[in-house]
There are 2 protein chains.
Amino acid sequence: MNPTTVKTARGYNFSAGPGTLPEDVLIELRDELPVYESIGSSVIEISHRSATYTDIAESARHRLRKLLGLNEEWHILFLQGGASMQFYQIPYNFLTPQDSADYLVTGTWSAKSVKEAKRVGGVNEAASSKDKNFSYIPDPSAWDINEQAVYTHYTSNNTVAGTQFHEEPDVPSTLICDASSDFLSRYMDLDRYGLIYAGAQKNIGPAGVTVVLVKDSFLQTRNPDLATMLDYGVHAEKLFNTPPVFAVYMVEKVLRWLEGKGGIDGIKGVNQEKADRLYNRIDASDFYRGTVEKGSRSFMNVCFRLANESLEPVFIQEAAEAGLLALKGHRSVGGMRASIYNACPIQAVDALVAFMDDFEQKNG
Amino acid sequence: MNPTTVKTARGYNFSAGPGTLPEDVLIELRDELPVYESIGSSVIEISHRSATYTDIAESARHRLRKLLGLNEEWHILFLQGGASMQFYQIPYNFLTPQDSADYLVTGTWSAKSVKEAKRVGGVNEAASSKDKNFSYIPDPSAWDINEQAVYTHYTSNNTVAGTQFHEEPDVPSTLICDASSDFLSRYMDLDRYGLIYAGAQKNIGPAGVTVVLVKDSFLQTRNPDLATMLDYGVHAEKLFNTPPVFAVYMVEKVLRWLEGKGGIDGIKGVNQEKADRLYNRIDASDFYRGTVEKGSRSFMNVCFRLANESLEPVFIQEAAEAGLLALKGHRSVGGMRASIYNACPIQAVDALVAFMDDFEQKNG
């Protein structure tokens, strides 16, 4: 296959999730089909107990530890069911009807996590931005913190609304974080956390695997007699059942790619720069406007609208024709959303900014 | 890439799971990387709400309906967590402490399903072959059937021991079947079933998706107030959360491949022939011996040992060097296991039989 043809055929993909993957990772995958190294088959056709898969999964864990600075206190689990399963699995393991957990409700996904937690035990919605369609992160001074909470759950980045916590919540209880849409885009203050989870399909791989990081001391506080598959302790102890082999194999590739980009030190600067360039363009004229409070803006999902909303379908259509893909905003917000995860190159943002300039010139 | 090189590099893969995939499917996947058709990205980087993914998932459902003869009474779900999650999810949806379900215990996996069901409600182990290391399917005349059972759960094929039900259990209650290791290898008498499930990684695709077929009338009997992700009704109603996109995309390819092989009518004859050739070779001399009762032999997982067990590691090693891969038996049985799922070509079986002839000649 001619690499030039391939390059031309790929657009700049702003999908909110499953999101874009590094092209190099996809080429490497292609080159490992239908046979991986000298094993006589592809990776997706081998036992999850085989040396080849074991090496791949261990390499992924090793790289994650190095990238985030996770010491041996932390278990790294590759589970299934996405963040949606975690919404239930977390309270099922760590909450009881006699306890209460604090939830910071800053979007669609944290609202769903509250719903599942309420089935299991007490929930205190310590903060919510539902009053303004989740367009801001509530100010910590107004949070209704329960000092006795068994944990505080929050969503670090809100994919739908396009908001993000720019600092870790400063609360007395152990933090649990749904980091699905900004995982590995920046560092996390690990000391504050008991559990961090992320569906892979935004920043670290394809759909089908959820990375769960759980600190051993927190793990030991879980409830007894849990269904085997929903018990974090079972997965921390051993490879209990068939993992999503392909997704883990891809995550390992993405982590290697990220190392090549200078790890989190390298990527967080690029992420900041991408977000700055795009928000600067949005703010440069009244033709465009951001949809969330400036201090709450996400570096991963940039939501914006046109002053003339009737032109938005034209914008999305013409952008797609120019190879700028999947810019349609979530139906609950409308307008446009550019998801600029780790694997989105800065060239994609520059191309989008140039398109926005042109579009304004033509229609402004 | 030179197709001849590829062909030579691929061995015959007898892995019990994740198992071999049709080579044509892998080549097609390779050719769709890093860009699928004209969409500007690969399939694994697009929204699960996109037209492209929706078409792929609908095509998979449509083909499954045609292949198995599923009418509109049947919901087709693509879930995560493998059979192990189903072991809990089934009783969680359909059993209560006031009810009892019948379980036919014929192997490692059905024993695990009993363990999870006992957390939820009453369980009657109506039959078990544990007394002889699961080396046979118990005779129906000896089953201790509960006429009031809310369902009867069984495992149609036992991957570890290498046994298989050759007829549907004739019981008064609704059947639930773990068909992970023989799904689509033959027809099923759908009228008897309320729910059929199969981890994809043996007969129909890669690890990471579990196909669940559930009849609407049975679905309506489920318990109220279930955790959203564990409620079959939620998934039957809509695409609730991000599905394992890659795995569904591959399942669709495998189903198309199966249609090209004449569907189940075509493949079941080939499966019978593969099993016959291999068991005939095993029975042809005292050098080899099958490990299960002849009437209970699996057409999917053929377990055998050498009269001289100390030669088994040599057999496995030399077979691997000859390109006959993953023949080591499960540790609970020992010896060899050749998994000859749908995607295992008859040439693989012939090559194994020829190797067995040679090996006996050299060592017999």
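How many bridges join strand β12 of chain A to β14(A), and do they run parallel or antiparallel? Four bridges join β12(A) (residues 301-306) to β14(A), and the two strands run antiparallel.

## Basis

This is a predicted model, in which local features need pLDDT of at least 70 and side-chain atom pairs count only at pLDDT 80 or more, while totals for chains, interfaces and linings use all residues. Residues are numbered from 1 along each chain as its sequence is written, chains are lettered from A and ligands numbered from 1 in the order written, and side-chain values use heavy atoms, without hydrogens and water.

## Strands in chain A

Strands are DSSP runs of E of at least two residues, and helices are runs of H or I of at least four, numbered from the N terminus. Two strands pair if DSSP finds at least two bridges between them.

In β14(A) (residues 336-339), Met336(A) and Ala338(A) point one way and Arg337(A) and Ser339(A) the other; all are buried (under 20% relative accessible area; exposed is over 50%, partly exposed in between; 1.4 Å probe, protein chains only). Arg337(A) has Cys303(A) opposite.

For Cys177(B), the nearest cysteine sulfur is that of Cys303(B), 18 Å away; Cys177(B) is buried at 0% relative accessibility.

Key
A disulfide is a pair of cysteine sulfur atoms within 2.5 Å.
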